[in-house]
Amino acid sequence: MNRAFNRKKDKSWMHTPEALAKHYIGYNAKFLGNTEVDQPKGTEVVKDAVRKLKFQRHIKKSEGQKTPKVELQISIYGVKILDPKTKDVQYNCQLHRISFCADDKTDKRIFTFICKDSESNKHLCYVFDSEKCAEEITLTIGQAFDLAYKKFLESGGKDVETRKQIGTLQKRIQELETENSDLKTQLQDLEEQLNISPVPPGGSLSMKPQSTDVFDMVPFSAVTPLVPIPASNGTPPPPPTTSPPDMRKDLFGAEPFDPFTCGSADFPPDIQSQLDEMQEGFTMGLTLEGTVFSLDPLGSRC
């Protein structure tokens, strides 16, 4: 976890782990908006964003527009910003995308966090005005991040291996279904050839002589496949599609899982990209910081 958490080390977490893991902690606040920033962290970065959004909010207030109210739902799955009446989700900020969270140590109402947008990959700074609980909301986001990070470390390895095995089995099932369909088609073709083949004089089919054992059976070979005999009309059947088994693969045709040699290409692209993104976000850590935003006359209530 980022060392910036040490600023709050004299404060214990405010909520039980179950409250954030199985439910969520809700807060009401006014939403000043969000704006793009150049860096994922930094006090000066959020100060500039707060000044910009406060200025825009004062202009809108002079035009008769009120600051919209929102509901925040904080859990290990992220920070949801909802309409308090309709409960429609306006923004869903996943915790591994949140890199910086700060509250104003002089004005207990203002807090902000920086989150990387999931679509544009731009860093957006969200600014809120709460009822003197900015520090509590900041600590709640920090606790949720801490729990989510531990959960990712505890279950990450097992989940990654399970997803890999499931993906391999699903791929093998698709291959078997395709192979089964091809074999059915070949069988139908052979049946049609037998039905339309003319019977030679004498009422018997000519067969190519083959060496047999004492029981008049063709010897079985595990290496050399049986050679198909051309039909009496001279049309050979389709060539066999089976190939010699790959000794590096198991009974189901999948290569054994090796956590020390598997690379990023071993995972389906969608799963691998999500895991890489979560790993990168949690590794960066979340910085909690208390600072002063109200450095100008725009620090009045919005």
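The legends below describe close-up views of a predicted model. Local features are reported where pLDDT is at least 70 and side-chain atom pairs at pLDDT 80 or more, while totals for chains, interfaces and linings use all residues. Residues are numbered from 1 along each chain as its sequence is written, and side-chain values use heavy atoms, with hydrogens and water left out.

**View 1. The largest nonpolar core contains 35 residues.** Such a core is a set of buried Ala, Val, Leu, Ile, Met, Phe, Trp, Tyr and Cys residues joined through side-chain atoms within 4.5 Å, where buried means under 20% relative accessible area, exposed over 50% and partly exposed in between, with a 1.4 Å probe and protein chains only. V79, F113, Y126 and F128 have the most contacts inside this core. Among the elements that each supply at least two of its residues are strand 1 (25–37), strand 7 (123–130) and helix 3 (134–196), with helix 3 giving the largest share, nine residues. Helices (H or I, at least four residues) and strands (E, at least two) are DSSP runs numbered from the N terminus.

**View 2. F128 and its surroundings.** Not counting residues up to four places away in sequence, F128 touches (heavy atoms within 4.5 Å) residues including F31, L72, I81, R109 and F113.

**View 3. Strand 3 pairs with strand 2 and with strand 4.** Two strands are taken to pair if DSSP finds at least two bridges between them. Strands 2 and 3 run antiparallel, joined by five bridges, and form a hairpin with two residues between them, in which S75 stands opposite G78 of strand 3. Strand 4 (residues 89–93) is likewise antiparallel to strand 3, over four bridges, with K80 and N92 as bridge partners; six residues lie between these two strands, and K87 in the turn has a positive phi of about 65 degrees. Four of the five residues of strand 3 are buried, so this strand is largely enclosed by the rest of the structure.

**View 4. The salt bridge between R109 and D129.** A salt bridge requires a side-chain nitrogen of Lys or Arg within 4 Å of a carboxyl oxygen of Asp or Glu, and here the closest N and O atoms are 2.8 Å apart. Because R109 lies in the loop between strand 5 and strand 6 and D129 in strand 7, the pair ties together parts that are 20 residues apart in sequence. R109 is buried at 9% relative accessibility, and D129 is buried at 2%.
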